[in-house]
Structure formats: structure tokens, C-alpha cells
Amino acid sequence: MLRISTKGNSVLCLKSPEKYLNINMDNGNLYIADRIDREKLCGASVDCVLTFDSVVENPLNIFSVKIDIKDINDNPPKFHHDTLTLEISESTSPGAKFVLQNAEDLDIGINSLISYKLSTNQYFALREKVSTDGSVFPELILEKPLDRETQDRHELILTASDGGNPVQTGTA
């Protein structure tokens, strides 16, 4: 008889590992029973390890099992709001900068948010500003004077891209 037992001194201990894993009683192979969502189990933590004991009876043996869960690019970058609104006076000088809302990506490492892109337009450019904690914020830069009488509204699309393969994106 072979069974899975929980173990309390691990990086992440499954309360019920049999929800995700099962053992074939004929050959002793360990199988994944259900999708393991790394972000749900470990959040933003870099290390995500499932540990448990496997108990074999007749004769009694205990085997420690450690499974390292790797991230896949299963989450696109998302903005908190789909629409960002800025009111900029036509007297604002070219070169003025406006920090925009950043997007968040639940994945980690290369699969997390990397870059921003702005739709083509003649008035604004985009620069990425890196904060002290490594977060990247898009910064809108006015390149050309605005004239309210000529054009009173500018609609732009801000796209956030992650570094996964394939790349996933989110827009505002």
C-alpha cells in the first residue's frame, strides 16, 4: 500500500496533495491529477515548491517528495482601468511628462510585464520609467504644442507586453 501524507516543514505544504497528485497503485508512478496554478498556490513568490511524504507499507518506508513548480506565461498584463483620462492644457509646453498607470502581470520572471508601446500619433511619445523597486511605469511626453480649437481630444492606445513566448498583451 502506498499513500501521500502531508508534511509541515516545507516552502509550500499541500493540505490535500491528493487534489493535485495521485499515485498509480499498480506501478507506483506519481501523476498530476489536476491543473496546478502556480500563481494561486504561491502568488508572487519566486520559489514555489510542493513537498509531501509518500508512505509505503510492508515494509514501512517514508519517502520525501519535492516538486518545483515552474511558471508558464498564462496571465496577460492587465491595467486596473480600461480607460485612462488626462486633462492637459493647450498651454502645456512640449517636453512635459505625465506618469501613467502601470499594468500588472501575475506571472514572474521573463513572463512578467516588460514593456509598453503607444499607438502612433504626432503629439505624444512614450518613455518607460523604472522605479526603485524595479517596477516599470509608462510616461507620456508631450512632443508638440496642443491646439484645442484644431483638436480637442486625443485617443491613444497604451499596450503592455510581457516577455513570454508567445507574448501576451493588455491595453488601456
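Begin by selecting residues 124-130, strand β11, together with residues 136-142, strand β12: these two strands form a hairpin with five residues between them, and in the turn you will find Gly134, which has a positive phi of about 95°. Strands here are DSSP runs of E with at least two residues, numbered from the N terminus. The model is a predicted one, in which local features need pLDDT of at least 70, side-chain atom pairs count only at pLDDT 80 or more, and totals for chains, interfaces and linings use all residues. Residues are numbered from 1 along each chain as its sequence is written, and side-chain values use heavy atoms, with hydrogens and water left out.

Two strands count as paired if DSSP finds at least two bridges between them.

You now have an open sheet of three strands in the order β8-β12-β11. Because β8 and β11 stand at the edges with a single partner strand each, one side of each is left without a neighbour in the sheet. The twist averages 30° from one strand to the next (axes are lines fitted to C-alpha atoms, and angles run from 0 to 180 degrees between N-to-C directions).

Finally, show the surface around strand β12, where six of the seven residues are buried, meaning under 20% relative accessible area with a 1.4 Å probe and protein chains only.

Technical notes
Buried < 20%, exposed > 50% of the residue type's maximum accessible area, 1.4 Å probe, protein only. Helix = DSSP H or I, 4+ residues; strand = E, 2+ residues; numbered from the N terminus.
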